[in-house]
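Open the model in your viewer and keep the sequence panel beside it.

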Amino acid sequence: MGLSGGVSCRRGCCSDFSGVGFDCSVSAVAYIGSIGIRIEIENFPKILANLSGALVLLRLTLSSVLEDWFDFKSRRKKRRGVDSVKILWTIRFSALFSAVAIILLLSPSFQSSPPAHAIRSSHLKSYLRLPAPIELPPSQSAGNSFAFRNASTFTNAGECGSGEAGKISACDPSLAHVAITLDVEYLRGSIAAVHSILQHSSCPENVFFHFLVSETNLGTLVSSTFPKLKFKVYYFDPEIVRGLISSSVRQALEQPLNYARNYLADLLEPCVRRVIYLDSDLVVVDDIFKLWSISLSSRTIGAPEYCHANFTKYFTGRFWSDKQLSRTFAGRRPCYFNTGVMVIDLVRWRRIGYTRRIEQWMEIQKGDRIYELGSLPPFLLVFAGHVAPIEHRWNQHGLGGDNVRGSCRDLHPGPVSLLHWSGSGKPWLRLDSRRPCPLDSIWAPYDLHEYSH
């Protein structure tokens, strides 16, 4: 399955996350054991030869100095028999010291080469810098966070076509593209979201997932949980945005991966013209192709808007009191929208350069403190009033309560196609604590965690 994982490349040596399909044309890279230490084969003999000579000299010097010292002591105390034993132990100690020194000196050498790159195009290397993958067994990592049951296999309806993984590329026009982040803390939610999409899709084999990660061992987990899934993993370097992030009302909103959606137009292949971005704390209970087919007209993004919400609260008094800043919304009718569910026209985004516009507002925020809510306000500043409206049924949000207490909430009136636990209360945490909210029972059937419920 060439489509079932991301690509890791280092100096012409590439493979997908399944470990199949290496094409090494420059140098080999060895992975030692399961701890991910890397040695460039072509340089290793030189490193070892240089270190061996230096360490032999160090050992002989240390042995000579200490032997002379003990000999001096022996002449004073006339106890040469005892001191001979001391000298023997000194030599043994120096050998032990040499071995320790070898370990200490070689360890940086193993890991000093620059990280591998997930290379798709030359101008995106800063977004796609990819460390060597470290495979973790399901039994490890944060209390079995990686233990998931295999999902059922979902197949296309007759009108969809066969959808065989080996015959469809990411550029196939019949595909619907969905982007979701994967991280350890929200992994359980992301897996449930994917499961819900497949279960309710009319053409589940025609959904292509783009996973954004900052930890590279998650692609294999997706493959094992969804063996037939079409997907690719993209490494997002946290350093891209770390210097632009300001403090928020909730620490979770400050995580760099929250900002990866700002870079979707650059990360995804140029042939991907449209994508649905989804948060990790939701489930879809309708056919995702209905959302995929919504017209955006001349707009860049589409999302459910909530014009009854108090829009002014999303920005500080400093923003509204500054005439130049507040003039940003002149000529617009800005409404709040939740960035956890968006349909994005990537062609238009790339042409206009919206990523840079968002970054500029983040730079202003660092100096003037014009908002409090993480990655949402820059999107409002750039797009509010220019959003293609989508039915509210596609984002029944706020089910996680507020950003502090995470209290239980009910659904908004009207039909439901997507339930979104935005806020601080997450259904998997409340279910595990035996204090669920009533609507958490809707999320539970999509949970594939091995030790759930």
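Where does Thr 328 lie? Select Thr 328: it sits in the loop between helix H9 (323-326) and strand E12 (336-337). Helices (H or I, at least four residues) and strands (E, at least two) are DSSP runs, numbered from the N terminus.

Before moving on, note that this is a predicted model: local features need pLDDT of at least 70, side-chain atom pairs count only at pLDDT 80 or more, and totals for chains, interfaces and linings use all residues. Residues are numbered from 1 along each chain as its sequence is written, and side-chain values use heavy atoms, with hydrogens and water left out.

Stay on Thr 328. Its side chain reaches the backbone oxygen of Leu 325 at 2.5 Å. Leaving aside neighbours within four places in sequence, Thr 328 is in contact (heavy atoms within 4.5 Å) with Trp 361 and Leu 381.

Next, select helix H11 (residues 354-368) and helix H12 (residues 376-383). They pack at an angle of about 120°, with their axes 9 Å apart. Axes are lines fitted to C-alpha atoms, for helices over the stretch in contact, and angles run from 0 to 180 degrees between N-to-C directions. H11 passes H12 in a right-handed crossing, meaning that the near helix is turned clockwise from the far one by less than a right angle.

Now show side chains. From H11, Tyr 354, Arg 357, Ile 358, Trp 361 and Met 362 meet Pro 378, Phe 379, Leu 381, Val 382 and Phe 383 of H12.

Last stop: the cysteines. The whole structure has 4 disulfides, each a pair of cysteine sulfur atoms within 2.5 Å. One of them joins Cys 171 to Cys 271, S to S 2.0 Å. The torsion about its S-S bond is about -75°, so this disulfide is left-handed.

Key. A polar contact is a pair of N or O atoms within 3.5 Å; within protein, one must be able to donate a hydrogen and the other to accept it, and residues adjacent in sequence count only if both atoms are side-chain atoms.
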